[in-house]
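Here are a few exercises to work through with the model open in your viewer. Try each one before you read the solution.

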Amino acid sequence: MEEKINIDIKFCLTNHIGNSGLSINEIKEKYNVHRKKIKNLIKNIEEIKFLDFSFLENEAKKIWDFSQRKAKKYNDFVLVGIGGSSLGTETIFHALKPAFYNLLSKKERNRYPRFFILDNPDPDYLNSLLDTIDIKNTFFNFVSKSGKTLETISNFLVLMEKIIKKFPGKSYSKNISITSCPSDGVLLKIAKKEKISLFEIPKWIPGRFSVLSSASLLPASFIGINPYEIINGARYIFPSLISENMNENLSLLSAIILILFYEKNKFIHVIMPYSNSLFYLADWYSQLWAESLGKEKNTKGDIINWGQTPLKAKGPQDQHSLLQLFIEGPKDKIFTFLEIEKFKTDFRLPDTFTEEYSEIDYLQNKFLSEIIKNEKIGTEISLKENLVPSFSIRIPCVTPFYLGQLFILFELQTIYAAEILEVNPFDQPAVELGKKITQKLLTK
């Protein structure tokens, strides 16, 4: 039975953490102050074209057909991209494939290729990758929305020299695809000239919002993850995320909560999945939240210097490294916990030793899933006892369907926050400045 992910905000509220929390009236008042602009955004949400599900489903069909013809012919797949061109794919891979996927045999991988991501232009990392793969038995996917991203182009040039040497004539093109904006950029020009397969990131899809496009779904398809299932999850929860009812609209509710806590000097937003498989979602989310909302000016030109810093932590691992700081350090943090209700597998702790040693007899017949869930509860209660706010997003299980729900929830959360703050969530002027400086230095 299909379900929706849900949210529990009780440890954000005054009846649990006193004056350090929010009252329901505060949340309602914030909504009412911005009601007009929120209603207008919801009314015109289809103008935000990256939410065009018909387009995304058509792209998914092309992607799936292409990948199923190609994927099982290769032993390795390499995605070359950075930022929005890699973080979504990395999230999907780690969430949905076995933790040690690349160590499995080809048969155990259902004949799909091993999977690698090359993001930084780090020569040692690239050299290690080249020592690991056989270029002739590898499919390369170069991803850049602009078609001229410095890091991607740099790795592209190194790899293309090596690829071309391995293949006579122009036969190398069958081992390559390029994903880029279809109207601009040097990668587009090269793809057309060299007859390389080209996939589209439309100009109207911002890079960090492109996780539901070919930027992430093509690489995912090459390892057997069906893109339709991810899009279906996003489509299933979408109507509730454009509701004017905050109890139903988790994106709007969580955006308002995060902004209100920022106004209470909670300048750090900790994203803490209690699952190894969702840890990379925190990386993807960090770019989305930081790059979209960290702005010097609002759309009116007023100086605001707004920015709630995302910080990733992993439960229970970081209970043994960061929790001491979280509890007794500066009270400048708000927490989002990601909790899985049902893991794909589970293990019962055997009687061995637990009967004999009283120090661990409390673990007798417990399941690993019980332990991780109770550690999460222990963390949020210890934070609550120290007046640190948190809320939990609960995911029924980690599947493509629920991952699609998480992606759209967080994308809309960011867009609602931007509307309230009156900033443009789709630009990154400070990042562009750094790019221009780097290009000047290299030109010299």
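**Exercise 1.** Which handedness does the β-α-β unit made by strand 4, helix 7 and strand 5 have?

*Solution.* Keep in mind that this is a predicted model. Start by picking out strand 4 (residues 138-144), then helix 7 (residues 150-166), then strand 5 (residues 176-180). With the strands pointing away from you, a clockwise path from the first strand over the helix to the second counts as right-handed. The unit here is right-handed.

**Exercise 2.** Work out which strands pair with strand 4, and in what sense.

*Solution.* Take strand 2 (residues 76-80): five bridges join it to strand 4, and the two run parallel.

**Exercise 3.** Are the faces of strand 4 covered or open?

*Solution.* Buried means under 20% relative accessible area. On one side, T138, F140, F142 and S144 pass that test; on the other, F139, N141 and V143 do too. So both faces are covered, and seven of the strand's seven residues are buried.

**Exercise 4.** Find the residues that touch the most other members of the largest nonpolar core.

*Solution.* This core has 101 residues, and the ones to pick are I27, I92 and F410. Helix 15 (residues 400-421) supplies the largest share, 15 residues. Leaving out residues up to four places away in sequence, F410 touches L281, W284, Y285, L288, L338 and I393. A second, separate core of 23 residues includes F140 and F142.

Conventions: Residues numbered from 1 in each chain as written. Predicted model: local features only at pLDDT ≥ 70, side-chain atom pairs only at ≥ 80, totals over all residues. Heavy atoms only, no water. Core = buried A, V, L, I, M, F, W, Y, C linked by side-chain atoms within 4.5 Å. Buried < 20%, exposed > 50% of the residue type's maximum accessible area, 1.4 Å probe, protein only. Helix = DSSP H or I, 4+ residues; strand = E, 2+ residues; numbered from the N terminus. Contact = heavy atoms within 4.5 Å. Pairing = 2+ DSSP bridges.
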